[in-house]
Amino acid sequence: MNGSGFIKGMFVTLRHFVNSYVDDVRYGFRKFSPQVDNFELRQGTQAEGVFTVQYPDEKVAVPERFRFVPFLVVNNFDHASDPGKDWCTSCGICAKVCPPQCIWIVRSEDPTTGRPVPEPEAFFIDIDICMNCGFCAEFCPFDAIKMDHDYELASFDRTNNHVFDKPKLSKEMRYWKSIAPTRAVEEMQVRGGWEHKDAQKAERRGGAVRGKPEAAAPATAAVAEDASKEAKREAVRARKAEAEAAPAPVAEATPAADGGSGAKPWTASHDENEKRKAAALARKAARAAKRGEG
Amino acid sequence: MVMAQPEVMDAPDLRTLSVAESIAHLKEKFPDAISNDTREGYSGVIVDKQKLVEVAQYVKETLGYDYLSSATAVDYLGEGNHSTDHLEMVYHTYRTTGGTALVMKAQTDRETAELPSLVPVWRGADFQEREAWDLYGIKFAGHPNLQRILMWEGFHGHPMRKDWKEAYYEEETKPFGSRWPGGHVHRAEEKTIFGSNVKYPADLDLGRLADISDDQLYQGFGMGVDTHQMIDHNGMETDLLVVNMGPHHPSTHGVFRMVIKLDGETITQLEPVMGYLHRNHEKIGERNTYLHNIPFTDRLDYISSMGNNHGYVLAVEKLMALGKKYEPPTYRAEVIRVLMVELTRIVNHLWAIGFWMNDLGAFFTPVLYFIQERERILDFFEATAGSRMMCNYMRFGGVFQDIPERMHSAMNLINDRVRDTDSMKFLTEMINERIPRTIDELDEYLTNSEIVKTRSIGVGYISPENAINYSAAGPLLRGSGVAYDIRKAEPYSIYPELDFDVAVEPAGDMYARYLVRLNEMRESVRILKQLLPRLEYTKGQPVSDNNMAYSGKVPLGESYGRVENGKGELGYYVVSAGDKKSTANAWRYHVRAPSFINLTPLGLMCQGGKVADIVAILGSIDIVLGETDR
């Protein structure tokens, strides 16, 4: 019959219309009440009818892998030894792997030696350019940059608000644990602990690099950060001064005393080093002789 | 056709020759015009440009390579491994009966830059040659309408040439040195747009600059700007009216424009005008490293980003396989890829049919029913890849990460609407219950609807010969009765071991395309059902052998990776060239965009139809402007 196909189609529409009220009845017209824990059901595969969410009154929590604009992981602000310390070592991999090139990093340099210090002096992300691909987080070898879940970043002034600097980007480790618990644990297992990779290494080495634990938590994070940075710089400077003040002959004179503590693996055996040095000199001499012949 | 008849009689053996045999045969036939492409990692033949049309005709008519998949240009300027700078056109031709490509290349120097047009041989070369003229400045002798297609008339220069520098140009290739270690931020807008690379033509008088691009455009199409007086069949004096539809017409699915010449309500000529969303994706792709490009491919056909990823990683993986250090994707990685791609195909077709219904006048009711299912599939993408549409999921030699155990979201202060579903349970229920139910419902809802049938049967017709000749792909080609599906014709990934049929309809009209999409979704569900046990079986296998560290290198060579995407054949032509052993950035990165090339026959399909059908015919082709304009 002409028109039967159309009428059959209209029954589909009718079914949809009726179904859109099924949930209302099922949840006693309290579908949008925050007390009713029906969200998973409403969004699940068995749900019928309308399943839209009344944004912004209710928001769908995004899944763990959701990615939206990176943030920098720092130690918790009540961390025992290094509160608020950057996990970033300013190795620059995220800046290189960033497809639209929206990451800008200024690497710290030691003020006295000019050598790079594994810590960013400044870190910028232009979120207008960021395409939320997540490569920075994927390729970061230190778990120091992660994709955030906060997608409500609209602002009235894009010229001033959309270049995120380090204070704005930095978030505590516990924040990452809170938005992506499963992944945080997985990463912890790979890393071997909740601490930063380098901190753990230092720990194994005897805690020389990271400084001593502080008794009381500092008043503010910023102060803590400054203090830890200052302490670190102090340590670097001290080491440098030590190295300058103690040239080769002195080192030769103190192997026994140093070897006892075994602080540095590469100074474990003085004899070994001497042997290597002699062999290298011999090789060098041999080469020189050969060149002379040629 | 009459000329070709006697050749067809004695040609059946020639039409079954393998590619290598075909090349050998060609060399016999045209001894002084054909030479092997002996460059490292390259394949195919270099054809003397004087004989190009003759050879192409022979390849098409006698050897049976009737389908011109891709025609694109490459600029070898200052590329160390090839002695002279030159421009090169690369033609990938296939047989619609299946098999691999016969690749032909024609070279010309950069100054004269002239090659014969292949439009007389394959109409599908039309837009692609216009693009090559636009972006590379190759003049095609004999092209019926050699105008710019993506840039506007009056644009100076050819942006894809290696010596052309774009606005905000910073460095030849990424990563830029200014980002690290001394990365003091600056916003691009604060710089001079063109820096030192702004160039004006020598004869330009800025004081007399006027926009003449539209006049040129109309003239190129052979249309007058004003009305034409004419006498119709009743002896009445009447007007031919030129109407612009778009670029801001809501039914063009984006910023697409059609210039239409009308006789009353009847279309006598229709010419697509595009490029309003052009961002020179390919130039960006050549500045990018290989890895950088993956998220950029998401933005092409943003409805089916997984498929875009797949084509691109296949192309680069082909190149990487030429080198020593390469681990092909594990079986599980392939299964997950196919899973994602088939889900994407369903999403794409639901979207296409839904918006086609919009175009027919069923405003938003059907499309919203279909989008419900799409939303749930996107939920799965979001939990797996991290994003609903810009998935950025595939990597060279695998995928980003395995499917998570649970589709889990954590509660925090603002968001208490959390979910914690078992991923496999979700997938199983979706594939076994929900998606088939939706497809059945769609079928019940629309297929026999008299309104849909009356509007679509016999409208927008394209014959199988024309569909092939115009390089149509995907449902447009299969809706004309050509059973050409790359998953069968040149299988990739794990498609050879999967059991499915090619959806094909002989009618060649809009309704046939609708049926093809409907059946293709059913076939996709069939594939997905076969994938579920494979997913269970391979649980625990690694999915990503990170072949490419953050700065991976790719050995020299060329490759063409193509996949059957929802919209049709999506191909990536990637060239790794330079004076080193391997490269970090593609020398040439070309996207054979189905949305772009499927528009070539739009004018043909609309001719003789009514104005009201244009929108529906365009909808039945199913384009996404992100891919059309690139």
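In chain B of this predicted model, β17(B) and strand β18 (residues 568–576) pair in the antiparallel sense over nine bridges, where two strands count as paired if DSSP finds at least two bridges between them. The strands and helices I name are DSSP runs, numbered from the N terminus, with a helix being H or I over at least four residues and a strand being E over at least two. Within this pair, Ser559(B) stands opposite Val574(B), which is in β18(B). For anyone new to the subject, strands of a sheet pair through backbone hydrogen bonds, either parallel or antiparallel.

The pair belongs to an open sheet of three strands in chain B, with the order β17-β18-β20 and antiparallel pairing. Its edge strands are β17 (557–565) and β20 (588–592) of chain B, each of which pairs on one side only. From one strand to the next the twist averages 10 degrees, and here axes are lines fitted to C-alpha atoms, for helices over the stretch in contact, with angles running from 0 to 180 degrees between N-to-C directions. Helix α8 (residues 305–320) of chain B packs on this sheet and touches both β17 and β18 of chain B, while its direction makes about 155 degrees with that of β17(B). By contact I mean that the C-beta atoms of two residues, placed from the backbone, lie within 7 Å.

Before going further, let me say how to read the model. Residues are numbered from 1 along each chain as its sequence is written, and chains are lettered from A and ligands numbered from 1 in the order in which they are written. Because the model is predicted, local features need pLDDT of at least 70 and side-chain atom pairs count only at pLDDT 80 or more, whereas totals for chains, interfaces and linings use all residues.

How confident is the predictor in chain B? The mean pLDDT, which is the predictor's confidence in each residue from 0 to 100, is 85 for chain B, and 91% of its residues reach 70 or more. Over residues 1–8 of chain B, however, the pLDDT is below 50, and beyond near neighbours in sequence this stretch has three contacts in the model. The model scores ipTM 0.81 and pTM 0.83.

Now to chain B as a whole, which has 20 helices and 20 strands. Its radius of gyration is 25 Å, close to the 25 Å that the globule rule gives for 630 residues, so chain B is as compact as a globular protein of that length; the radius is taken over C-alpha atoms, and the rule is 2.2 Å times the number of residues to the power 0.38. Buried residues make up 50% of the 630 residues in chain B, where buried means that 20 or more other C-beta atoms, placed from the backbone, lie within 10 Å of the residue's own, exposed means 12 or fewer, and partly exposed lies in between.

One residue shows how that rule works. Asp66(B) lies in the loop between α3 (52–61) and β3 (67–76) of chain B, and it is partly exposed because 19 other C-beta atoms lie within 10 Å. Leaving aside residues up to four places away in sequence, Asp66(B) touches Lys60(B), Arg95(B), Thr96(B) and Ile468(B).

Is Arg630(B), by comparison, buried or exposed? Arg630(B) is buried, with 25 other C-beta atoms within 10 Å, and it lies in the segment after α20 (625–628) of chain B. Its phi is near 45 degrees, a positive value in a residue other than glycine.

There are also cis peptide bonds to look at in chain B. One joins Lys174(B) and Pro175(B), with omega about -5 degrees, and the bond from Trp180(B) to Pro181(B) is cis as well, with omega near 0 degrees. Pro175(B) is placed in the loop between β7 (139–141) and α5 (213–220) of chain B.

Finally, we come to where the chains meet: 54 residues of chain A are in contact with 57 residues of chain B. On the side of chain A that touches chain B, α1(A) gives the most, with seven residues.
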